[in-house]
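The report below describes selected local features of one model, with the criteria behind each term stated where the term is used.

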Amino acid sequence: MKNTIVSIQWLKENHHDKEVIILDAIQQINQTKVVPEFQGIQIKGARFFDIKNDFSDTTNPLPNTIPSPDAFAKAARKLGINSTSKIIIYDSLGIYSSPRAWWLFQIMGHKNVWVLDGGLPAWAKENLPVEKSAKNDYKMGDFESNFNPKMVNSKEQILNNIDSKEAVLIDARSSDRFYGETEEPRAGLRSGHIPGAINIPYTDLLENGLFLSTEKLATVLPNQEKPLLFSCGSGVTACIDYLAYEIIGSINSKAIYDGSWTEWGQIESLPIE
């Protein structure tokens, strides 16, 4: 398997593998304003991966920012995750927050991690085993972080790239937000985009809660020779674009601008288009 996505059929066949750990990366509040079709349930045996609290830096005023490697490892061990674990991550919208959780494991050095294509909706619609959502205690795991700083960018690096153009910045927000045709959903943010960025809305990469086929993704995603940087509203849906490039086999170096528009849009001294 490539370290990208798996189908519900794969998970059905490997559900009882003792090394497989299923993580529920649901976000109850999301910027799509879409109400999940399936609520209060989880895939049988899933463990709740709390992006907003346990797996974000809650001391940072920006939302969803990456936690320290030590904090991430501690939270992962508490979920019973080991260095040998095969991690399958899903969310309740099909594909939304699960790629963020996938990226967090990637940046922390754990490569045996995949996103469940279609997530909980695809699983539940096939009448596969689910149970009532619950938080449980698990035998402590031995997960260790091996942080890769090259996979994340700061606003200073993004600012420098405007002039150097060493990398291509991809904004995963909707086109109306990218072009400043609508107000940002978060109060206090300017409208527009970072100079030089290109817009690939994450919704263009999905259909019915699943990723487009590899062939279709290759036609939607522009071929780039430079390193790729990804941004969005708060660092969540940028990971969808990041993962899509991984699916088509892109060998470009990639990084997420973790502060994304929530940071850039509130700092008046930073340029916008």
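Gln 9 is partly exposed, with a relative accessible area of 40%, where partly exposed lies between buried, under 20% relative accessible area, and exposed, over 50% (1.4 Å probe, protein chains only). This is a predicted model, in which local features need pLDDT of at least 70 and side-chain atom pairs count only at pLDDT 80 or more, while totals for chains, interfaces and linings use all residues. Residues are numbered from 1 along each chain as its sequence is written, and side-chain values use heavy atoms, with hydrogens and water left out.

Gln 9 belongs to helix 1 (residues 8-14), helices being DSSP runs of H or I with at least four residues and strands runs of E with at least two, both numbered from the N terminus. The C-alpha atoms of Gln 9 and Glu 126 are separated by 9.8 Å, although these residues are 117 residues apart along the chain.

| Residue | Relative accessible area | Class |
|---|---|---|
| Gln 9 | 40% | partly exposed |
| Asn 153 | 13% | buried |

Asn 153 lies in strand 8 (residues 152-153), and its contacts (heavy atoms within 4.5 Å) include Leu 229 and Ala 255, not counting residues up to four places away in sequence.

Leu 229 and Ala 255 are themselves bridge partners, Ala 255 being in strand 14. Strand 13 and strand 14 (residues 254-257) run parallel and are joined by three bridges, pairing being assigned if DSSP finds at least two bridges between two strands. Strand 9 (residues 168-171) also pairs with strand 13 in the parallel sense, over four bridges, and Val 168 stands opposite Leu 228.
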